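Biologist: I would like to learn how to read a protein model. Could you walk me through one?

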Amino acid sequence: MKPKYKWLQARDVWTDEEIDGSWAEDIPEGWYKAFGEQMIDELNNLLTKYCIEDNYKILQIKEKYGLLRWYDDGVPQYLCDEYYEWLDKYEALSVKTCIKCGKPATHTTKGYVVPLCDECK
């Protein structure tokens, strides 16, 4: 999949070489359906606002303990407040959204913690 934005291009975290795909593909399917494109567009607007989209690098995107985890190599101090507001918004949304289909989550599994709706449970 060709990434929508240059900074979404998947890269090897050790060599920084481009690899096939987009970091967006690592967002769990249900979360991507529910808010993935909006989340990416909002981050792009923030990166563009501060002219750092060419220097922004994602290291990993995944689910951990039922929560969206978005790892990057950091952002400049002057945009930290806005960046963490953006990240906190989507982390909070992820725990309330079914990781499989994107509907509102009504259950959280025990052990391997993931938010699920009634149908996906």
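**Reading salt bridges and a helix**

Modeller: Let's start with Lys-33, which counts as exposed at 55% relative accessibility. Here buried means under 20% relative accessible area, exposed over 50%, and partly exposed in between, with a 1.4 Å probe and protein chains only. This is a predicted model, in which local features need pLDDT of at least 70 and side-chain atom pairs count only at pLDDT 80 or more, while totals for chains, interfaces and linings use all residues. Residues are numbered from 1 along each chain as its sequence is written, and side-chain values use heavy atoms, with hydrogens and water left out.

Biologist: Which residue forms a salt bridge with Lys-33?

Modeller: A salt bridge is a side-chain nitrogen of Lys or Arg within 4 Å of a carboxyl oxygen of Asp or Glu. Lys-33 pairs in this way with Glu-29, their closest N and O atoms being 3.4 Å apart. Glu-29 is also exposed, at 51%. Helices (H or I, at least four residues) and strands (E, at least two) are DSSP runs, numbered from the N terminus.

Biologist: How many salt bridges does a search of the whole structure find?

Modeller: It finds eight. One of them joins Lys-89 to Glu-42, with the closest N and O atoms 3.0 Å apart. Lys-89 lies in helix 2 and Glu-42 in helix 1, so this pair ties together parts that are 47 residues apart in sequence. Lys-89 is partly exposed at 39%, and Glu-42 is partly exposed at 25%.

Biologist: Which residues are linked in a network of salt bridges?

Modeller: Arg-11, Asp-16, Glu-18 and Lys-57 are. Within that group, Glu-18 bridges to Arg-11, the closest N and O atoms being 3.6 Å apart. Glu-18 is exposed at 52%, whereas Arg-11 is partly exposed at 26%.

Biologist: Now for helix 2: which of its residues are buried?

Modeller: Cys-80, Tyr-83, Trp-86, Leu-87, Tyr-90, Glu-91 and Ser-94 are buried in helix 2. Seen down the helix axis, they fall within an arc of 135°, so they line one face; the arc is that of the directions from the axis to the C-beta atoms. On the other side of helix 2, Asp-81 and Glu-85 are exposed.

Biologist: What do the buried residues of helix 2 pack against?

Modeller: They pack against helix 1 (29-49), strand 4 (67-72) and strand 6 (115-116), where contact means heavy atoms within 4.5 Å.
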